[in-house]
Amino acid sequence: MSFFNQVFKGPQLAYYFKKISIAVFIFIVIVAGYFFSQLFFDLSKFSQFIFDFVLQRSNYNFAYFTSSIIGALGIISFVGLVLLVGSWVERRVIAKFQIRVGPNRVGPFGLLQPIADAIKLMQKEVLVPAIADKTLFLIPPVAIFLPAILAWGPIPWAPNMSYLNINVGILYVFAVSSLTVPIIFFAGWSSMNHYALLGSMRTVAMMVSYEIPISLSLLSVAIITGTLNFSEIVLWQSTNSIWLGLFMPFSLFTFFFASTAEINRTPNDIAEAESEIVAGYHIEYSGMKAGLFMAVELGNAVLLGALVTSLFLNGWFLFGIEKFVPPYIIFIGKTVAIYLLLIWLRATFPRFRLDQLMNFAWKTLIPVSIINFFVIAIEVTILNQFQSTGILIYIFALFNIFLFLGLIVVWSKIFSVDKFQPEKIQPKFAGEIGGLEAMKGVKSVD
Amino acid sequence: MDSVEKLLIQYLPVLIAAVIAFFLVFSALIGSRLLAPFSIEKQKADTYECGMIPIRSANTNIGIRFYFYAILFVIFDVEALFIFPWAVSFIALGPESFIFMSIFIFILLIGLAYAWKKGALSWR
């Protein structure tokens with residue numbers, strides 16, 4: 001009896017009830033999710049059904065048109081959902097890293113916070129500077145949204161489930177995402193603001209520099225798979241039973257690091273270095289327009305997760321689990337994992353300086369990825385001599401991992417940043433008046 | 001003609017998605033226009049410069065180092081676009097093509113080493 005009293009006192013009863021109800025809720029969600037997922041296991045059947053339904057009542061072109069409109073709506077609604085949920089996830093997770101609560105007032109667990117933010121942003125005044133180039137100032141917030149959505153096209157969600165099944169998938173994503181560069185420059189230049197101009201020049205220089213390592217890392221993906229189609233790349237990884245990220249870790253690292261520079265995420269977000277250029281290229285944009293810029297940054301982070309998943313992490317395959325769980329759920333799960341990694345990076349790392357970033361791109365990443373590309377080309381030549389890749393591909397993968405570690409160490413030892421600089425950067429005036437005498441005992445930071 | 005049409009109709013979904021996305025963004029901006037306050041004060045339309053009245057136009061000269069990077073970028077980006085078709089058909093072309101492509105990349109690497117030596121890559 002005393003035991004009963006101890007366990008089921010007023011507040012404790014509520015505590016246990018809460019725990020049990022959460023457990024029951026999770027169980028119901030898992031069971032319902034299983035049946036739901038079995039019902040919607042292959043979404044391509046639905047699209048095929050719609051296509052056939054329209055085809056019976058009209059001609060082929062109209063059916064094609066209708067199904068592409070439905071696909072576009074699907075992609076855009078997914079991106080919209082990502083923008084809403086992603087901003088909530090990012091703020092909550094960052095809050096967990098910084099040991100605070102995060103948004104938890106609007107709706108359950110603060111889930112409605114993004115919607116409240118969107119309504120607030122809409123009600124804010126949109127200022128246009130008097131001396132700005134009015135037409136050019138209007139274009140960027142609208143135009144920067146298009147690449148962020150169009151680049152989702154060739155992403156393979158599941159077998160037979162991608163919006164654009166084209167043979168030049170990688171080149172298409174590369175081309176579409178490059179459109180961001182001139183748009184950012186338009187935004188900075190048309191603001192007629194010193195900070196915006198400087199910020200956009202820096203951003204464009206950095207994005208342009210990091211596009212080359214990205215293309216070199218994608219070349220090594222193309223040379224081993226022999227295709228640029230995303231679905232075929234995923235299938236290649238499954239038939240050879242190796243993840244490309246394991247086979248060429250340096251390409252994965254290059255692609256990931258350089259892409260964080262492309263999308264202005266935190267180790268490399270010098271586009272908005274507050275202490276130097278206030279807010280970078282979108283300094284003059286306010287209200288909904290600034291909101292669109294921020295939304296695009298968030299959407300691009302999730303897009304990077306999807307690209308890394310399909311190119312390097314074997315897409316919708318996960319050790320046979322894809323037979324029980326819908327493949328697109330696995331794909332989204334991997335994407336979200338990469339996105340959480342990005343949030344983790346944001347919470348952990350400080351911002352790199354611009355000169356560090358540029359030096360790293362041109363003096364380390366580009367030469368080393370060319371070496372990496374050659375090594376992989378030689379390995380592909382050797383692999384093609386044999387009928388089946390078999391155990392050899394794992395030996396090469398192990399070799400590549402050690403090569404990756406060795407290249408970084410050796411390259412940073414031999415070609416340190418200052419090696420080929422024609423003149424040493426020194427504070428001239430301080431040297432002339434003897435200020436460097438006092439600095440002799442101090443070790444240089446560089 | 002027929003094959004060209006087939007190729008173009010592959011990219012029709014891109015156009016459709018672009019149009020729908022454009023309308024989505026445009027409706028957000030229209031909503032902002034309808035909901036947001038709208039003032040015509042002259043002071044508010046000044047460009048931002050840390051609270052001061054802006055000095056000079058921002059339409060100024062830009063440092064030469066940006067152009068170095070732009071030129072190098074064009075060279076290497078075109079290089080990458082040349083290599084992509086080769087990389088896709090690498091297995092079919094055989095090992096001889098590897099030697100030709102290495103000569104091509106080696107020439108570009110000499111260019112990169114020259115730019116490095118001249119100090120075009122050091123951010124000052």
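Helices here are DSSP runs of H or I with at least four residues, strands are runs of E with at least two, and both are numbered from the N terminus. This is a predicted model, in which local features need pLDDT of at least 70, side-chain atom pairs count only at pLDDT 80 or more, and totals for chains, interfaces and linings use all residues. Residues are numbered from 1 along each chain as its sequence is written, while chains are lettered from A and ligands numbered from 1 in the order in which they are written.

**Chain A overall**
- Chain A has 20 helices and zero strands.
- Of its 446 residues, 41% are buried; that takes 20 or more other C-beta atoms within 10 Å of a residue's own, with C-beta atoms placed from the backbone.
- Two residues are in contact if their C-beta atoms, placed from the backbone, lie within 7 Å.
- Among chain A contacts with a separation of 6 or more, 76% join residues 24 or more positions apart.

- The expected span of a helix is 1.5 Å times one less than its number of residues.
- Helix 10 of chain A covers residues 194–225, and its 32 residues reach 46 Å from first C-alpha to last, close to the 46 Å expected.
- In helix 10 of chain A, 32 of 32 residues are buried.
- Helix 13 of chain A runs over residues 249–262; its 14 residues reach 20 Å, close to the 20 Å expected.
- Helix 13 of chain A is mostly covered, with 13 of 14 residues buried.
- Asn264(A) follows helix 13 of chain A and has a positive phi near 60°.

**Where chain B touches chain A**
- The contact takes 66 residues from chain A and 56 residues from chain B.
- On the chain B side, helix 2 (12–35) is one of the elements giving two or more residues.
- Helix 2 of chain B gives the most to that side, with 17 residues.
- The chain B side divides into 41 nonpolar, nine polar and six charged residues. Nonpolar means Ala, Val, Leu, Ile, Met, Phe, Trp, Tyr, Cys and Pro; charged means Asp, Glu, Lys and Arg; the others, Gly among them, are polar.

**One helix pair across the contact**
- Helix 4 (residues 60–97) of chain A packs on helix 2 of chain B at about 50°, with axes 9 Å apart.
- The residues making this contact include Gly71(A) and Ala72(A) of helix 4 of chain A, and Ile16(B) and Ala17(B) of helix 2 of chain B.
- By class, this helix contact has 12 nonpolar, two polar and no charged residues.

Key: Buried ≥ 20, exposed ≤ 12 C-beta atoms within 10 Å, placed from the backbone. Axes fitted to C-alpha atoms, helices over the stretch in contact; angles between N-to-C directions.
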